[in-house]
Structure formats: C-alpha cells, structure tokens
Amino acid sequence: MSTNHFVQAIWSVLFFSRLVRYSVIIPVYNRPGEVDELLRSLEGQTFKDFEVVVVEDGSAIPCKCVCEAYMGRLELHYHAKPNSGPGESRNYGAERSKGDYLLIVDSDCILPEGYLDAVEAALRRQPVDAFGGPDRAHAGFTILQKAINYSMTSFLTTGGIRGGKRKMDKFYPRSFNMGIRRSVYEALGGFSHMRFGEDIDLSIRIFKHGFSCRLIPEAWVYHKRRTTWRGFFKQVHNSGIARVNLYKKHPDSLKPVHLLPALFTLGLVVLLLLALFYPAVLLLPLFYALLLLVDATSRNGSVVIGLCAVATSYLQLIGYGTGFWRAWWRRCVLGKDEFEAFKHTFYK
C-alpha cells in the first residue's frame with residue numbers, strides 16, 4: 001500500500017468512527033419520495049455536526065437509490081432489514097449510530113433549516129435527557145393534509161392531550177419529532193416491541209425512571225401525517241387501541257383527558273338515537289362543527305380547509321374513540337392479549 005493510500009485509509013477510519021453531536025434516526029417503509037424531501041431538508045441544516053441513519057423496514061419500494069444520491073452530501077448510513085415495525089427499526093438504527101443524542105424523525109417530516117440550531121441552542125441553555133417539538137403544516141401540503149394537521153394540533157380536538165404551550169399534562173414526545181440522550185436511551189432499552197404506541201411507552205418510561213423531559217417549542221417540523229381519508233382513520237383508530245394497550249402496560253398512564261374522544265364518540269351515538277325523538281339535540285354537534293369551522297378557517301385562511309377540517313376533526317375523534325372502545329372490550333372485558341387493528345396494512 002502506498003503512503004497516500006495508507007493516509008487516506010487512516011483518515012477514512014478516523015472520520016467515520018468519530019463521534020457526532022446528533023444521530024438522526026429515520027425508519028422508512030415504502031416512502032422513497034418523502035425520504036428524498038426529508039434528506040434534502042437535512043442537507044440544508046445550518047448546524048452540521050450530525051449523521052443520518054436510514055433504516056429500510058422491509059419496504060417493497062425501497063429508498064436505497066434516493067439515499068445513495070445523498071451519500072457524498074450528508075454523513076448518511078443506509079441499512080435494510082426485514083419488516084418489524086418502526087420501534088424495532090429505530091432500535092436497529094440506534095445500535096448502528098454514534099451521536100451523543102438520538103433524534104427520532106418520521107420519514108414523512110420536513111425540517112426547517114434552523115431545526116438543529118434550535119435544538120442545540122435549547123440544550124446549551126438547559127441540558128435535558130429527552131425532548132420533543134411540535135409540528136406544523138407546510139404551505140405546499142394538500143388541503144387534506146392541512147385539515148388533518150389542524151385536527152391533530154387544535155385545542156378544540158385533542159391537541160391539548162398531546163401537549164404544547166397550553167398542554168393539559170406532562171409533555172410526552174412523539175416519534176415524529178423526539179430527541180433523547182444516548183445514555184438514557186440505552187438505560188431504558190430503547191423502544192419496546194409494541195408496534196403502535198411505542199413512542200408514548202418510551203416517553204412514559206423516561207418519566208418513570210426519573211429522567212428529565214421537556215418541550216422545545218422552537219424545534220418544530222413540518223409533518224405530513226396521512227395523505228388519504230382511509231389512512232388517517234387507520235392512524236387514529238390504532239391510536240385509540242394503543243391507549244388501552246398502554247393502560248394495560250402502565251395503569252397509571254391513563255388520564256381523564258385520554259377518555260375524551262371515547263366519551264365524545266359515545267355521546268354522539270346517544271345524540272343520534274335521541275334525535276329520532278328530539279331532533280333539536282342535533283344542534284349540539286352542529287354548534288361544535290361551527291366552532292371548528294370558524295377556528296380552522298381563521299388559522300388556515302381558507303374556508304375550504306375549514307370545511308375539510310370539520311370532517312377530519314370528527315373523523316379523528318370518532319376513529320380514536322371507536323379504537324379505544326374496541327380495545328377496551330377486547331382487552332379489559334374479554335381479557336385478550338395486546339393487538340392492533342391494521343397490523344398488515346397500516347404502514348404501507
């Protein structure tokens with residue numbers, strides 16, 4: 001081996017073995033186009049001390065070619081494995097990463113260029129073991145995506161349950177925008193084998209073991225969520241199921257606010273039955289729909305998005321509520337094991 005080749009080999013080993021401040025862990029399943037957008041946004045970060053670890057979770061439509069295009073532009077590592085769900089894929093990526101902090105990001109997110117700067121500034125001001133940030137709708141999102149974003153973040157729906165500046169409970173980071181110190185992640189054993197609700201399970205364990213966790217409002221992301229009505233229903237229905245599964249695993253995790261969508265769904269059924277005899281009771285859901293329409297229109301500057309948001313808000317509450325009641329009957333009444341409704345199709 002020539003001297004130049006030897007020096008290059010040593011430099012390569014030192015470069016790729018060096019520690020970095022952040023490891024961005026991205027599990028992906030059949031979403032090459034979205035991965036391209038996310039990687040492009042990571043390339044545009046003004047803070048550069050990070051690596052990217054993409055874990056292909058048994059995709060039929062892989063994103064390997066997309067990742068290869070960024071290999072020389074990002075410190076990017078691509079891994080492919082059989083399908084096992086997002087939690088275990090994140091663990092797989094974490095085991096092969098080297099950052100002081102792990103940043104867990106969903107493949108359907110886009111990061112503003114100051115995202116990592118905001119995280120770094122917040123941690124410099126006040127170090128913390130784990131953290132998370134909010135999400136927003138990008139101007140380029142479809143009408144449905146903007147409506148879904150409204151229904152998932154508005155205080156008139158369940159936005160308060162998930163936490164924020166006006167949070168109703170502790171802030172529990174979600175996997176679309178979650179950060180955790182590597183040593184804490186390893187001490188907790190990473191994500192559990194739950195296929196849905198695994199991010200809340202990790203957040204619960206963070207608090208139970210006495211680690212610090214907080215919201216960083218400035219560290220927000222654009223989050224596409226689901227892009228179809230059916231896909232959105234599957235997502236929220238499984239969220240309702242996951243809440244019961246989490247209750248069975250962590251009995252003290254179920255708070256009164258988590259019952260609101262289930263009670264809303266039950267109340268709506270009662271109102272519809274009463275309407276057969278007292279039609280005036282329908283004014284209640286109509287009044288709520290009007291509140292949603294006014295607020296969503298005001299926030300988005302569009303009546304069309306406002307009308308769509310009324311539908312997505314009702315779909316979200318009913319989907320979550322029916323999932324919750326379904327899981328409660330199966331697990332708490334019939335005593336059956338943990339399950340999910342869309343095991344084979346949800347992640348497509």
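I'll start with helix α11, where the buried residues are Pro261, Ala262, Thr265, Leu268 and Leu271. Buried here means under 20% relative accessible area, exposed means over 50%, and partly exposed is in between, with a 1.4 Å probe and protein chains only. Helices are DSSP runs of H or I of at least four residues, strands are runs of E of at least two, and both are numbered from the N terminus.

Before going on, the source. This is a predicted model, in which local features need pLDDT of at least 70 and side-chain atom pairs count only at pLDDT 80 or more, while totals for chains, interfaces and linings use all residues. Residues are numbered from 1 along each chain as its sequence is written, and side-chain values use heavy atoms, with hydrogens and water left out.

Now the whole chain. It has 13 helices and 10 strands. Of its 348 residues, 55% count as buried. Contact means heavy atoms within 4.5 Å. Among contacts between residues at least 6 apart in sequence, 79% join residues at least 24 apart.

Next, a helix pair. Helix α6 (residues 143–153) and helix α12 (residues 283–300) have axes that come within 11 Å and cross at roughly 115°. The axes are lines fitted to C-alpha atoms over the stretch in contact, and angles run from 0 to 180 degrees between N-to-C directions. Which residues make the contact? From α6 they are Lys146, Tyr150 and Thr153; from α12 they are Leu292, Asp295, Ala296, Arg299 and Asn300.

Then a sheet. Strands β5, β10 and β7 form an open sheet in that order, with mixed pairing. The edge strands, each pairing on one side only, are β5 (109–110) and β7 (135–136). Two strands pair if DSSP finds at least two bridges between them. How do β7 and β10 pair, parallel or antiparallel? The sense is parallel, over two bridges, and β10 covers residues 221–223. Arg136 has Tyr222 in β10 as its bridge partner.

Last, one residue. Ser183 sits in helix α8, residues 182–188. Its relative accessible area is 44%, so Ser183 is partly exposed. Ser183 and Asp100 are 83 residues apart in sequence, yet 8.0 Å apart in space, C-alpha to C-alpha.
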